[in-house]
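Here are my notes on the model, in numbered points. Please read them with the structure open.

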Amino acid sequence: MPELPEVEVLARHLQPLLPEKKIREVLVGRAKIVLPDSPATFREALLGATFTGLTRRGKYFLFQMRRAKSREIFTLLGHLGMTGRMYVTPKSIPLPKHAAVVLDLGREQFVYEDTRYFGRLTLDLTSVTELGPEPLSADFQPEPFGAALRRSKQAIKIKLLDQSLVAGVGNIYASEALFRAGIAPQKAANRLTPKQVQALWAAIRTVLAEAIECGSTIPLNMAGGGSGGLFYFGLAAGVTDYYEERLRVYDRAGRPCLQCKRPIRRIVQAARSTFFCPHCQRK
DNA sequence: CACCATGTTCCTTG
DNA sequence: CCAAGGAACATGGT
């Protein structure tokens, strides 16, 4: 679930649930998640601390915290990796199989679960400092974006996954943005025309903004209701495939292009799937 | 058993 | 030093 839109939607969901909740106990179920902190350091830093706010940067969550005695503020960084989930539940709800970190909040608990354990929940903030501009903010401008693309000979699809170019685009939305912009994914970044740069810049913003819109309405309203606050993004019953229906090329290999009816093709770039329409996205 | 999966980092090569 | 390619990480679904 984790590209920028999914992170944003989950952040909006968690935002009102956390402020002023105090961490009474910290359980690290899988040490790797907390790296480069040690479980002991991590626990000591969070014990007694209070959540004060939550923001997002790229695919990262930035939890604003306040230390118990010193009142000093600090940031807890979260990343969902490929399979991470975070939610706040009553303590009566049993922990999932792959509970990586659990924060005891009193009557509730904050759960970070991750089946593949690729994610992070840590006090180390170095990875955020290397991120490129936030795509939906005014920091993301077509000219610097184009200038960065001109410096790279990589295939544009691969370049879009570079978080220092622009933060938050992942494998799904890279394919989606290129389809919207009508650009072939194999095209070298430095060969895009100024018009293509402009179109891609706009497509990235459109695709991400629409995905946020989508995620913040249907799944959110349905989730949490019956299950005592349990929140599973995109997994609300009956709307399971709403998410996929929005996507125009991703995971649609062999199916007709929504614009020209010719089959969508899947190729592999940098060991990851790319989906595109060879007709609508020509070199 | 084989292959695939929304991500990042580390190592190697040139 | 940098760009680029590939493996590694770990588990589960098909």
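This is a predicted model: local features need pLDDT of at least 70, side-chain atom pairs count only at pLDDT 80 or more; totals for chains, interfaces and linings use all residues.

1. Strand S2 covers residues 50-57, and seven bridges join it to S3 in an antiparallel arrangement. One of the pairs is Arg 57 with Tyr 60 in S3. The two strands form a hairpin, with two residues between them. Gly 58 sits in that turn and has a positive phi of about 60°.

2. S3 also pairs with strand S4 (residues 73-79). This pairing is antiparallel too, over seven bridges. Met 65 has Phe 74 in S4 as its bridge partner. Six residues separate S3 and S4 in their hairpin. In this turn, Arg 71 has a positive phi of about 65°. How covered is strand S3 (residues 60-66)? Mostly: six of its seven residues are buried.

3. Now the salt bridges. The whole structure holds 11 of them. One joins the side chains of Glu 20 and Arg 66, at 3.1 Å from N to O. Glu 20 is in the loop between H1 and strand S1 (25-28), and Arg 66 is in strand S3, so the pair ties together parts that are 46 residues apart in sequence. Glu 20 counts as exposed, at 53% relative accessibility. Arg 66 counts as buried, at 18%.

4. Arg 57 and Glu 134 form another salt bridge, at 2.9 Å from N to O. What does this pair tie together? Arg 57 belongs to strand S2, and Glu 134 to the loop between helix H3 (126-129) and helix H4 (142-150), so the link joins parts that are 77 residues apart in sequence. Arg 57 is partly exposed at 22% relative accessibility. Glu 134 is buried, with a relative accessible area of 12%.

5. Glu 72 and Arg 67 also meet in a salt bridge, at 3.4 Å from N to O. Glu 72 is partly exposed, with a relative accessible area of 42%. Arg 67 is partly exposed as well, at 25% relative accessibility. Elsewhere, salt bridges with shared partners join Glu 8, Arg 12, Arg 56, Arg 57 and Glu 134 into one network.

6. Helix H1 (residues 4-14) is mostly covered, with 10 of its 11 residues buried. Among the buried residues are Glu 6, Glu 8 and His 13. Leu 4, Val 7 and Leu 10 are also on the buried list.

7. Glu 113, in strand S7 (residues 108-114), is buried but has no salt bridge. Its nearest side chain of opposite charge is Arg 85, 4.4 Å away. The Glu 113 side chain does make a polar contact with the side chain of Tyr 87, at 3.0 Å. Arg 252 lies in the loop between helix H8 (242-246) and strand S9 (265-269). Arg 252 is also buried without a salt bridge, and Glu 176, the nearest side chain of opposite charge, is 7.7 Å away. The side chain of Arg 252 reaches the backbone oxygen of Arg 248 at 3.1 Å.

8. Last, DNA strand C. The residues around it include Arg 30, Lys 97, Arg 116, Tyr 117 and Gln 154. Of the atoms of DNA strand C within 4 Å of the protein, sugar and phosphate account for 59%. Which part of DNA strand C does the side chain of Arg 30 approach? A phosphate oxygen, 2.8 Å from a side-chain N or O atom of Arg 30. Arg 116 places a polar side-chain atom 2.5 Å from a base nitrogen. A polar backbone atom of Gln 154 is 3.3 Å from a phosphate oxygen.

Key:
Residues are numbered from 1 along each chain as its sequence is written. Chains are lettered from A and ligands numbered from 1 in the order in which they are written. Side-chain values use heavy atoms; hydrogens and water are left out. Buried means under 20% relative accessible area, exposed over 50%, partly exposed in between (1.4 Å probe, protein chains only). Helices (H or I, at least four residues) and strands (E, at least two) are DSSP runs, numbered from the N terminus. Two strands pair if DSSP finds at least two bridges between them. A residue is near a molecule or strand if one of its heavy atoms lies within 4 Å of it. A polar contact is a pair of N or O atoms within 3.5 Å; within protein, one must be able to donate a hydrogen and the other to accept it, and residues adjacent in sequence count only if both atoms are side-chain atoms. Lys and Arg count as positive and Asp and Glu as negative; His and the chain ends are not counted. A salt bridge is a side-chain nitrogen of Lys or Arg within 4 Å of a carboxyl oxygen of Asp or Glu.
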